[in-house]
Every structure is written in structure tokens, then in C-alpha cells.
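Hi,

Here is the model I promised to pass on. Have a look at it first, and my notes on what turned up follow below.

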Amino acid sequence: MAKAIKILLIEDDQNLADNIVGFLEDFADVTAVTDGLDGEFEAKESPFDLIICDLMLPGQSGLDIIKNVRDAKVVTPVLILTAKASLDDKIEGFNVGADDYLTKPFHREELLVRVKALLRRTGVYSEDNTITVGELTINLENRGVQVHGQSVKLVGKEFDILTYLGQNKNIIVTRDQIFDRVWGVDSDTTINVVNIYLNNLRRKLEAVDQGGLIKTLRNIGFILEVPDDQAD
């Protein structure tokens with residue numbers, strides 16, 4: 001399976017973190033950190049599709065992480081994973097901005113079900129492993145792309161950029177966000193590479209759709225919009 005989904009796991013129990021990463025590795029790329037301060041930094045600076053967060057962490061609590069990332073306008077879904085099982089704990093978690101709450105110990109299969117449910121809610125995941133935006137279909141399994149039923153051959157990071165835009169359909173994505181997601185914040189490549197790949201991607205898409213699927217908002221970013229006449 002193509003691992004276009006990116007998950008941040010903030011968990012200080014190294015054995016549990018390793019088990020979760022191993023269990024989810026065929027489904028998603030999982031970045032695991034064991035410290036609360038590191039977790040907040042990653043959540044704010046790197047584009048993830050989902051955050052799985054413990055509450056009792058060294059450096060900073062999970063509740064503070066969630067509150068701070070929400071204050072920073074980070075809307076990434078958050079699944080709390082914790083041994084704190086009281087109703088008050090759950091209410092507090094939801095009040096600071098969590099989207100779901102799973103108590104330890106847990107079944108791995110339930111964790112995956114909850115992860116998929118949150119990702120379906122944001123349009124990042126579908127059971128048939130495709131992303132559809134109007135007449136555009138992106139197949140994450142075989143990295144295939146079709147527009148109006150015609151295949152479009154994309155290579156490497158062209159596909160990765162389109163997938164990221166598709167996962168954020170109708171949402172403005174900045175050039176920095178594309179660079180961080182596709183190349184990574186630690187990449188030695190210059191950010192200008194985004195323009196090169198976007199131009200190639202646009203050229204290939206416009207060969208089968210003259211309307212231009214990717215819109216540019218000058219000095220702001222890019223958006224893959226569902227046309228009004230094709231929206232649900």
C-alpha cells in the first residue's frame with residue numbers, strides 16, 4: 001500500500017510506541033517522539049494527517065500540547081491514547097480540542113478503526129484507497145491518476161504533491177507546507193523545487209483538463225477545488 005498518510009505519535013513508553021509504529025507501518029508513515037515538548041514542536045512545524053497523543057508525558061503534558069496546537073490554529077485531528085480513564089479526564093481532553101479518546105490497555109484493531117474513522121472524517125482516507133476531487137481520481141494503491149477517465153502519468157513527487165493537495169481539497173496549501181510534507185523539513189533541497197514540480201504537474205493535468213485543476217492564489221498558496229457543479 002502506498003503510505004501517503006502521515007501520523008505523529010507522541011508516547012513516552014518506548015515499547016508501546018515501537019509496537020504501534022510496527023502495527024501501523026503498512027498503513028501510514030508514523031513519526032514517533034517520546035517527549036511532550038518535541039511532540040508540540042513536530043505537531044506545529046510538520047504537516048501530519050493525524051496526531052496520536054498520550055497525556056502523561058515528560059517535558060509537557062498531552063493536554064497542554066493539544067491546547068497549544070489548537071491555539072496555533074493547527075486543525076490536525078488528535079486521538080488521545082492514555083491510561084487516564086475517568087469521565088472527567090475524557091471531558092477535559094475533548095474540551096482542549098481532542099477529537100477522540102482511547103484508553104489503555106487497548107486492542108490494536110480498535111486503534112486502527114478509530115484512526116481510519118478520523119481520517120475518513122477529514123477526507124484523507126477512503127476504504128477503496130482513492131481520493132476523488134470532481135473528475136480527478138487518485139489511486140493511492142497503484143499511484144494511478146485519472147482525469148475525466150483518462151490516465152495521467154505522474155512520477156515521484158508529482159504524484160506526492162497531487163496527493164497532498166487532494167487530501168486537502170478545498171483548502172489553501174502554502175508552498176512551505178508542500179515542501180515540508182513532500183520533501184521534509186530537514187531536506188537540503190531549496191524550496192524553489194516546489195515550483196518546478198508544480199509546473200510539471202500542472203502541464204500534465206492541463207493536457208486532459210484545460211480548465212486547470214490546481215488554482216494559484218498569488219502570494220498565498222495553492223488549492224485543488226471541487227467544482228460547484230461536482231460537489232456533493
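Aspartate 71 and lysine 67 both sit in helix 3, four residues apart, which is about one turn of the helix (helices are DSSP runs of H or I with at least four residues, strands are runs of E with at least two, and both are numbered from the N terminus). Their side chains meet in a salt bridge, 3.0 Å from N to O; by salt bridge I mean a side-chain nitrogen of Lys or Arg within 4 Å of a carboxyl oxygen of Asp or Glu. An α-helix has 3.6 residues a turn, so residues three or four places apart point the same way. Lysine 67 is partly exposed at 41% relative accessibility (buried is under 20% relative accessible area, exposed is over 50%, partly exposed is in between, with a 1.4 Å probe and protein chains only).

Before going on, a word on the ground rules. This is a predicted model, where local features need pLDDT of at least 70 and side-chain atom pairs count only at pLDDT 80 or more, while totals for chains, interfaces and linings use all residues. Residues are numbered from 1 along each chain as its sequence is written, and side-chain values use heavy atoms, with hydrogens and water left out.

The whole structure has twelve of them. One is between lysine 104 and aspartate 54, with the closest N and O atoms 3.4 Å apart. That pair links distant parts of the chain, 50 residues apart: lysine 104 is in the loop between strand 5 (100-103) and helix 5, and aspartate 54 is in the loop between strand 3 (50-53) and helix 3 (62-71). Aspartate 54 is buried at 3% relative accessibility, whereas lysine 104 is partly exposed at 22%.

Another joins aspartate 160 to arginine 143, at 3.1 Å between the closest N and O atoms. Here too the pair links distant parts of the chain, with aspartate 160 in helix 6 and arginine 143 in the loop between strand 7 (136-139) and strand 8 (144-147), 17 residues apart. Both ends are partly exposed: 27% for aspartate 160 and 36% for arginine 143. Elsewhere, salt bridges that share partners tie Glu11, Asp54 and Lys104 into one network.

Glutamate 11 is in the loop between strand 1 and helix 1 and is buried, with a relative accessible area of 1%. Its side chain reaches the backbone nitrogen of aspartate 13 at 2.9 Å. Setting aside neighbours within four places in sequence, glutamate 11 has contacts that include Val33, Thr34, Asp54, Leu81 and Lys104 (contact means heavy atoms within 4.5 Å).

What about the nearest side chain of opposite charge to aspartate 35: which one is it? It is lysine 44, 13 Å away, and aspartate 35 is buried yet has no salt bridge (Lys and Arg count as positive, Asp and Glu as negative, and His and the chain ends are not counted). Aspartate 35 lies in the loop between strand 2 (29-33) and helix 2 (36-45), and its side chain reaches the backbone nitrogen of aspartate 38 at 3.2 Å. Beyond four places in sequence, aspartate 35 is in contact with Ile10, Pro58 and Gly59.

Proline 58 is in the loop between strand 3 and helix 3 and is partly exposed at 37%. Glutamine 60 is found in the loop between strand 3 and helix 3 as well, but counts as buried at 14%. The side chains of glutamine 60 and asparagine 68 make a polar contact of 3.3 Å (a pair of N or O atoms within 3.5 Å; within protein, one must be able to donate a hydrogen and the other to accept it, and residues adjacent in sequence count only if both atoms are side-chain atoms).

Helices

Helix 1 (residues 14-24) packs on helix 5 (residues 108-121) at about 65°, with the axes 11 Å apart; axes are lines fitted to C-alpha atoms, for helices over the stretch in contact, and angles run from 0 to 180 degrees between N-to-C directions. Ile20, Phe23 and Leu24 from helix 1 meet Arg108, Glu109, Leu111 and Leu112 from helix 5.

In helix 7 (residues 175-182), the buried residues are Ile178, Phe179, Arg181 and Val182. Their cover includes strand 1 (6-10), helix 6 (156-167), helix 8 (193-206) and strand 11 (221-224). Just after helix 7, glycine 184 takes a positive phi of about 95°.

Cheers
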